[in-house]
Amino acid sequence: MDLLRSLPLGLYLEKPITWLHKLDPRVKLIWLMSFLLSPVLGSSSWRLILVAILIILTFTASIPLRVWQKQMGWLLMFCSLIFVMSAAIAPDGLSINYQPRLPKDELIFAQLTPNLELASEPKTWKNIFEIFGKETVPQTVRESPKLNKLPQPTSYSYIIFQQNPITITRRSVDLGIRIATLLFTVIYSTNLYLLTTASEEITAGIEYLMGLLNKFNLPVTEISLTLTLSLRFIPLVLEEIQNLVRSVQTRAINWKKLGLRQASQVWLIVVERLLENLLLRADQIASAMKVRGFTTPNTHKVEWHNLKLKPLDLIVLGSLVLFWWFRLAWGGQS
(Lines give C-alpha, C1' and ligand atoms only; values in the text may rest on other atoms or scores of the structure.)
Protein backbone atom coordinates (compact mmCIF):
# COMPACT_ATOMS: atom_id res chain seq x y z
CA MET A 1 0.00 0.00 0.00
CA ASP A 2 1.40 3.36 -1.06
CA LEU A 3 -0.75 6.22 0.24
CA LEU A 4 1.33 8.81 -1.55
CA ARG A 5 0.30 7.34 -4.92
CA SER A 6 -3.00 5.57 -4.32
CA LEU A 7 -4.81 8.37 -2.45
CA PRO A 8 -7.61 9.36 -4.84
CA LEU A 9 -8.07 13.01 -3.81
CA GLY A 10 -5.90 16.03 -3.09
CA LEU A 11 -2.69 15.15 -4.98
CA TYR A 12 -0.70 17.43 -7.30
CA LEU A 13 -0.04 16.16 -10.82
CA GLU A 14 3.50 17.17 -11.77
CA LYS A 15 3.55 15.59 -15.23
CA PRO A 16 2.20 15.95 -17.86
CA ILE A 17 1.92 19.73 -17.74
CA THR A 18 -1.51 20.61 -19.10
CA TRP A 19 -3.00 23.96 -20.06
CA LEU A 20 -4.65 24.07 -16.64
CA HIS A 21 -1.19 23.96 -15.06
CA LYS A 22 -0.15 27.02 -17.08
CA LEU A 23 -3.01 29.19 -15.88
CA ASP A 24 -2.38 31.82 -13.23
CA PRO A 25 -3.33 30.54 -9.75
CA ARG A 26 -5.40 33.67 -9.10
CA VAL A 27 -7.54 33.00 -12.18
CA LYS A 28 -8.02 29.38 -11.18
CA LEU A 29 -8.91 30.42 -7.64
CA ILE A 30 -11.57 32.84 -8.92
CA TRP A 31 -13.01 30.11 -11.13
CA LEU A 32 -13.00 27.71 -8.18
CA MET A 33 -15.00 30.16 -6.06
CA SER A 34 -17.40 30.59 -8.99
CA PHE A 35 -17.97 26.84 -9.14
CA LEU A 36 -18.58 26.74 -5.40
CA LEU A 37 -20.94 29.73 -5.29
CA SER A 38 -22.95 29.35 -8.51
CA PRO A 39 -24.94 26.27 -7.34
CA VAL A 40 -26.45 28.37 -4.53
CA LEU A 41 -30.12 28.99 -5.45
CA GLY A 42 -29.41 27.42 -8.83
CA SER A 43 -31.71 25.14 -10.78
CA SER A 44 -31.17 21.41 -11.23
CA SER A 45 -30.33 21.87 -14.91
CA TRP A 46 -27.64 24.41 -14.05
CA ARG A 47 -26.07 22.02 -11.55
CA LEU A 48 -25.99 19.29 -14.18
CA ILE A 49 -24.28 21.76 -16.53
CA LEU A 50 -21.61 22.40 -13.89
CA VAL A 51 -20.94 18.66 -13.64
CA ALA A 52 -20.66 18.48 -17.43
CA ILE A 53 -18.24 21.44 -17.50
CA LEU A 54 -15.97 19.81 -14.92
CA ILE A 55 -15.91 16.54 -16.88
CA ILE A 56 -15.18 18.40 -20.15
CA LEU A 57 -12.33 20.31 -18.46
CA THR A 58 -10.84 17.01 -17.31
CA PHE A 59 -10.89 15.56 -20.82
CA THR A 60 -9.70 18.71 -22.61
CA ALA A 61 -6.77 19.07 -20.21
CA SER A 62 -5.56 15.58 -21.25
CA ILE A 63 -5.25 14.40 -17.67
CA PRO A 64 -4.03 10.77 -17.69
CA LEU A 65 -6.57 8.00 -17.32
CA ARG A 66 -4.84 6.59 -14.24
CA VAL A 67 -5.46 9.87 -12.44
CA TRP A 68 -9.05 10.79 -13.25
CA GLN A 69 -10.23 7.16 -13.17
CA LYS A 70 -9.52 6.98 -9.43
CA GLN A 71 -10.74 10.47 -8.70
CA MET A 72 -13.70 11.18 -10.97
CA GLY A 73 -14.76 7.56 -11.41
CA TRP A 74 -15.24 6.73 -7.73
CA LEU A 75 -16.82 10.13 -7.07
CA LEU A 76 -19.34 9.66 -9.89
CA MET A 77 -20.23 6.23 -8.55
CA PHE A 78 -20.73 7.60 -5.04
CA CYS A 79 -22.86 10.52 -6.28
CA SER A 80 -24.97 8.14 -8.38
CA LEU A 81 -25.62 6.06 -5.28
CA ILE A 82 -26.64 9.21 -3.39
CA PHE A 83 -29.02 10.10 -6.23
CA VAL A 84 -30.67 6.66 -6.20
CA MET A 85 -31.10 6.73 -2.42
CA SER A 86 -32.52 10.26 -2.45
CA ALA A 87 -34.88 9.70 -5.38
CA ALA A 88 -36.18 6.20 -4.62
CA ILE A 89 -35.77 5.52 -0.90
CA ALA A 90 -35.70 8.80 1.00
CA PRO A 91 -38.98 10.72 1.40
CA ASP A 92 -39.52 13.83 -0.70
CA GLY A 93 -40.61 15.95 2.27
CA LEU A 94 -44.14 16.59 0.99
CA SER A 95 -46.00 13.76 2.74
CA ILE A 96 -48.79 16.03 3.99
CA ASN A 97 -52.01 14.61 5.35
CA TYR A 98 -54.83 17.11 5.34
CA GLN A 99 -58.62 17.05 5.36
CA PRO A 100 -60.14 18.32 2.08
CA ARG A 101 -62.72 21.06 2.33
CA LEU A 102 -64.81 19.82 -0.61
CA PRO A 103 -66.21 16.32 -1.19
CA LYS A 104 -63.94 13.77 -2.77
CA ASP A 105 -66.02 13.44 -5.96
CA GLU A 106 -67.96 16.62 -6.48
CA LEU A 107 -69.79 15.46 -9.61
CA ILE A 108 -70.94 12.20 -8.04
CA PHE A 109 -71.93 14.02 -4.88
CA ALA A 110 -74.00 16.51 -6.88
CA GLN A 111 -75.86 13.73 -8.69
CA LEU A 112 -76.57 11.80 -5.50
CA THR A 113 -77.88 14.75 -3.49
CA PRO A 114 -81.59 14.04 -4.38
CA ASN A 115 -81.21 10.48 -3.13
CA LEU A 116 -79.30 11.08 0.09
CA GLU A 117 -82.05 9.54 2.20
CA LEU A 118 -81.65 6.26 0.34
CA ALA A 119 -77.88 6.18 0.72
CA SER A 120 -77.89 6.35 4.52
CA GLU A 121 -78.83 3.09 6.16
CA PRO A 122 -78.92 2.61 9.94
CA LYS A 123 -76.65 0.01 11.41
CA THR A 124 -78.57 -2.86 13.03
CA TRP A 125 -77.67 -6.29 14.27
CA LYS A 126 -78.20 -7.62 10.74
CA ASN A 127 -75.45 -5.55 9.14
CA ILE A 128 -73.20 -4.97 12.17
CA PHE A 129 -70.35 -6.87 10.49
CA GLU A 130 -70.31 -4.37 7.62
CA ILE A 131 -68.64 -1.86 9.92
CA PHE A 132 -65.33 -3.61 9.33
CA GLY A 133 -65.96 -4.20 5.66
CA LYS A 134 -65.49 -2.01 2.64
CA GLU A 135 -67.86 0.82 1.89
CA THR A 136 -70.52 -0.12 -0.59
CA VAL A 137 -70.81 1.98 -3.70
CA PRO A 138 -74.37 3.03 -4.63
CA GLN A 139 -75.96 1.50 -7.69
CA THR A 140 -75.96 4.83 -9.53
CA VAL A 141 -72.20 5.09 -9.18
CA ARG A 142 -71.67 1.51 -10.35
CA GLU A 143 -73.68 2.12 -13.45
CA SER A 144 -71.62 5.18 -14.41
CA PRO A 145 -67.92 4.21 -14.29
CA LYS A 146 -66.97 7.16 -16.48
CA LEU A 147 -67.65 9.50 -13.59
CA ASN A 148 -64.82 7.91 -11.56
CA LYS A 149 -62.16 8.63 -14.17
CA LEU A 150 -62.44 12.13 -15.51
CA PRO A 151 -60.31 13.10 -18.52
CA GLN A 152 -57.25 15.15 -17.53
CA PRO A 153 -56.17 18.18 -19.58
CA THR A 154 -52.47 17.20 -19.44
CA SER A 155 -50.41 14.08 -18.82
CA TYR A 156 -48.81 15.54 -15.68
CA SER A 157 -48.35 13.17 -12.76
CA TYR A 158 -46.58 14.03 -9.52
CA ILE A 159 -45.74 10.38 -8.80
CA ILE A 160 -43.46 9.05 -11.53
CA PHE A 161 -43.11 5.47 -10.24
CA GLN A 162 -44.66 3.72 -7.27
CA GLN A 163 -44.00 0.14 -6.24
CA ASN A 164 -43.71 -0.52 -2.52
CA PRO A 165 -41.35 0.25 -0.89
CA ILE A 166 -40.08 2.47 -3.75
CA THR A 167 -41.86 5.72 -4.54
CA ILE A 168 -40.31 8.12 -7.04
CA THR A 169 -41.86 11.56 -7.27
CA ARG A 170 -40.89 14.66 -9.19
CA ARG A 171 -39.65 16.37 -6.05
CA SER A 172 -37.57 13.37 -4.94
CA VAL A 173 -35.86 13.29 -8.35
CA ASP A 174 -35.16 17.01 -8.09
CA LEU A 175 -33.75 16.61 -4.56
CA GLY A 176 -31.58 13.69 -5.70
CA ILE A 177 -30.15 15.73 -8.57
CA ARG A 178 -29.45 18.70 -6.30
CA ILE A 179 -27.69 16.67 -3.62
CA ALA A 180 -25.62 14.50 -5.99
CA THR A 181 -24.52 17.34 -8.27
CA LEU A 182 -23.68 19.65 -5.36
CA LEU A 183 -21.54 16.95 -3.76
CA PHE A 184 -19.72 16.25 -7.03
CA THR A 185 -19.18 19.94 -7.83
CA VAL A 186 -17.80 20.86 -4.41
CA ILE A 187 -15.43 17.89 -4.15
CA TYR A 188 -14.24 17.55 -7.72
CA SER A 189 -13.79 21.26 -8.50
CA THR A 190 -11.58 21.61 -5.41
CA ASN A 191 -9.71 18.43 -6.32
CA LEU A 192 -9.16 19.60 -9.90
CA TYR A 193 -7.73 22.85 -8.58
CA LEU A 194 -5.32 21.00 -6.26
CA LEU A 195 -4.47 18.57 -9.05
CA THR A 196 -3.24 21.28 -11.42
CA THR A 197 -1.86 23.88 -8.97
CA ALA A 198 1.27 23.54 -6.84
CA SER A 199 1.16 24.44 -3.18
CA GLU A 200 3.50 27.43 -3.71
CA GLU A 201 1.21 28.78 -6.43
CA ILE A 202 -1.84 28.38 -4.19
CA THR A 203 -0.29 30.34 -1.35
CA ALA A 204 1.03 33.03 -3.71
CA GLY A 205 -2.41 33.51 -5.25
CA ILE A 206 -4.16 33.61 -1.88
CA GLU A 207 -1.62 36.08 -0.52
CA TYR A 208 -2.12 38.37 -3.52
CA LEU A 209 -5.92 38.28 -3.28
CA MET A 210 -5.76 38.88 0.48
CA GLY A 211 -3.43 41.86 0.04
CA LEU A 212 -6.24 44.31 0.75
CA LEU A 213 -6.49 42.93 4.27
CA ASN A 214 -3.08 44.41 5.11
CA LYS A 215 -4.82 47.74 5.60
CA PHE A 216 -6.67 46.18 8.54
CA ASN A 217 -3.36 45.03 10.12
CA LEU A 218 -4.08 41.37 9.47
CA PRO A 219 -1.05 39.03 9.19
CA VAL A 220 -1.56 38.04 5.57
CA THR A 221 2.05 36.95 5.06
CA GLU A 222 1.99 34.78 8.17
CA ILE A 223 -1.26 33.18 7.04
CA SER A 224 0.17 32.38 3.61
CA LEU A 225 3.33 30.93 5.17
CA THR A 226 1.28 28.76 7.53
CA LEU A 227 -0.80 27.55 4.59
CA THR A 228 2.36 26.69 2.63
CA LEU A 229 3.80 24.71 5.52
CA SER A 230 0.53 22.89 6.10
CA LEU A 231 0.31 21.86 2.43
CA ARG A 232 3.90 20.70 2.53
CA PHE A 233 3.20 18.78 5.73
CA ILE A 234 0.43 16.62 4.19
CA PRO A 235 2.84 14.19 2.42
CA LEU A 236 4.72 13.76 5.70
CA VAL A 237 1.49 12.80 7.45
CA LEU A 238 0.69 10.26 4.74
CA GLU A 239 4.18 8.85 4.95
CA GLU A 240 3.95 8.36 8.72
CA ILE A 241 0.55 6.67 8.42
CA GLN A 242 1.91 4.41 5.70
CA ASN A 243 4.95 3.40 7.77
CA LEU A 244 2.85 2.62 10.86
CA VAL A 245 0.32 0.55 8.90
CA ARG A 246 3.13 -1.44 7.30
CA SER A 247 4.73 -2.02 10.72
CA VAL A 248 1.44 -3.45 12.00
CA GLN A 249 1.04 -5.66 8.91
CA THR A 250 4.55 -7.13 9.20
CA ARG A 251 3.81 -8.37 12.73
CA ALA A 252 1.01 -10.62 11.41
CA ILE A 253 -1.35 -9.93 14.29
CA ASN A 254 -4.28 -12.33 14.62
CA TRP A 255 -7.10 -9.83 15.16
CA LYS A 256 -9.73 -12.53 15.74
CA LYS A 257 -7.93 -13.85 18.82
CA LEU A 258 -7.31 -10.39 20.22
CA GLY A 259 -10.94 -9.42 20.44
CA LEU A 260 -12.47 -5.99 20.21
CA ARG A 261 -10.98 -4.58 23.41
CA GLN A 262 -7.37 -5.60 22.78
CA ALA A 263 -7.59 -4.64 19.10
CA SER A 264 -8.77 -1.14 20.06
CA GLN A 265 -5.84 -0.87 22.49
CA VAL A 266 -3.39 -1.75 19.69
CA TRP A 267 -4.84 0.93 17.41
CA LEU A 268 -4.73 3.47 20.23
CA ILE A 269 -1.02 2.76 20.60
CA VAL A 270 -0.59 3.24 16.83
CA VAL A 271 -2.44 6.58 16.93
CA GLU A 272 -0.35 7.74 19.89
CA ARG A 273 2.81 6.84 18.02
CA LEU A 274 1.55 8.71 14.94
CA LEU A 275 0.99 11.89 16.94
CA GLU A 276 4.46 11.64 18.47
CA ASN A 277 6.08 11.24 15.05
CA LEU A 278 4.13 14.17 13.58
CA LEU A 279 5.08 16.44 16.48
CA LEU A 280 8.70 15.37 16.05
CA ARG A 281 8.58 16.22 12.33
CA ALA A 282 7.05 19.63 13.08
CA ASP A 283 9.77 20.35 15.64
CA GLN A 284 12.45 19.40 13.11
CA ILE A 285 10.96 21.76 10.50
CA ALA A 286 10.85 24.61 13.03
CA SER A 287 14.48 23.97 14.05
CA ALA A 288 15.58 23.96 10.41
CA MET A 289 13.89 27.32 9.79
CA LYS A 290 15.52 28.87 12.88
CA VAL A 291 18.98 27.62 11.90
CA ARG A 292 18.63 29.26 8.49
CA GLY A 293 17.72 32.56 10.17
CA PHE A 294 14.07 32.53 9.16
CA THR A 295 12.42 34.30 12.08
CA THR A 296 9.59 36.36 10.57
CA PRO A 297 8.09 36.14 7.06
CA ASN A 298 8.09 39.94 6.70
CA THR A 299 11.89 40.22 7.02
CA HIS A 300 12.62 36.97 5.18
CA LYS A 301 10.00 37.02 2.48
CA VAL A 302 10.36 34.28 -0.11
CA GLU A 303 8.97 34.71 -3.61
CA TRP A 304 7.30 31.35 -4.09
CA HIS A 305 5.89 32.05 -7.54
CA ASN A 306 6.08 34.86 -10.10
CA LEU A 307 2.52 36.02 -10.66
CA LYS A 308 2.01 37.36 -14.17
CA LEU A 309 -1.12 37.30 -16.30
CA LYS A 310 -0.73 35.78 -19.77
CA PRO A 311 -3.02 36.02 -22.82
CA LEU A 312 -4.55 32.65 -21.95
CA ASP A 313 -5.32 33.92 -18.44
CA LEU A 314 -7.11 36.96 -19.85
CA ILE A 315 -9.22 34.77 -22.16
CA VAL A 316 -10.21 32.45 -19.30
CA LEU A 317 -10.91 35.43 -17.05
CA GLY A 318 -13.10 37.00 -19.74
CA SER A 319 -15.10 33.78 -20.12
CA LEU A 320 -15.97 34.09 -16.44
CA VAL A 321 -18.23 37.05 -17.31
CA LEU A 322 -20.10 34.87 -19.80
CA PHE A 323 -20.33 32.12 -17.18
CA TRP A 324 -22.02 34.37 -14.62
CA TRP A 325 -24.28 35.92 -17.27
CA PHE A 326 -25.68 32.47 -18.07
CA ARG A 327 -26.02 31.72 -14.37
CA LEU A 328 -27.96 34.90 -13.53
CA ALA A 329 -30.08 34.92 -16.68
CA TRP A 330 -30.91 31.26 -17.08
CA GLY A 331 -29.56 29.13 -14.25
CA GLY A 332 -31.70 30.41 -11.38
CA GLN A 333 -34.55 28.60 -9.72
CA SER A 334 -37.87 28.94 -11.49
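Buried here means under 20% relative accessible area, exposed means over 50%, and partly exposed lies in between (1.4 Å probe, protein chains only). By that rule Phe-323 is buried, at 7%. This is a predicted model, in which local features need pLDDT of at least 70, side-chain atom pairs count only at pLDDT 80 or more, and totals for chains, interfaces and linings use all residues. Residues are numbered from 1 along each chain as its sequence is written, and side-chain values use heavy atoms, with hydrogens and water left out.

**Aromatic pairs**

- Rings of Phe, Tyr and Trp (its six-membered ring) pair if their centres lie within 6.5 Å; planes under 30 degrees apart are stacked, over 60 edge-to-face, and the rest tilted.
- The whole structure holds 8 aromatic pairs.
- One of them joins Trp-46 and Phe-323, with 5.3 Å centre to centre and 50° between the planes, a tilted pair.
- This pair links distant parts of the chain: Trp-46 sits in helix H3 and Phe-323 in helix H12 (residues 311–329), 277 residues apart.
- Helices (H or I, at least four residues) and strands (E, at least two) are DSSP runs, numbered from the N terminus.
- Trp-46 is buried, with a relative accessible area of 4%.
- Phe-59 and Trp-68 have ring centres 5.3 Å apart and planes at 85°, so this pair is edge-to-face.
- Phe-59 is partly exposed, at 46% relative accessible area.
- Ring pairs also link Trp-31, Phe-35, Trp-46, Phe-323 and Trp-324 into a cluster.

**Packing of H3 on H8**

- Helix H3 (residues 44–60) packs with helix H8 (residues 170–196) at an angle of about 30°, and their axes are 9 Å apart.
- That angle makes H3 roughly parallel to H8 (under 35 degrees; over 145 is roughly antiparallel, 65 to 115 roughly perpendicular, the rest oblique).
- Axes are lines fitted to C-alpha atoms, for helices over the stretch in contact, and angles run from 0 to 180 degrees between N-to-C directions.
- Contact means heavy atoms within 4.5 Å.
- On the H3 side, the contact residues include Leu-48, Val-51 and Ile-55; on the H8 side they include Ile-177, Thr-181 and Phe-184.

**Around Phe-161**

- Phe-161 lies in strand S1 (residues 159–163).
- Its relative accessibility is 43%, so Phe-161 counts as partly exposed.
- The C-alpha atoms of Phe-161 and Ala-88 are 9.0 Å apart, although the two residues are 73 residues apart along the chain.
- Leaving out residues up to four places away in sequence, Phe-161 touches Ile-166, Thr-167 and Ile-168.
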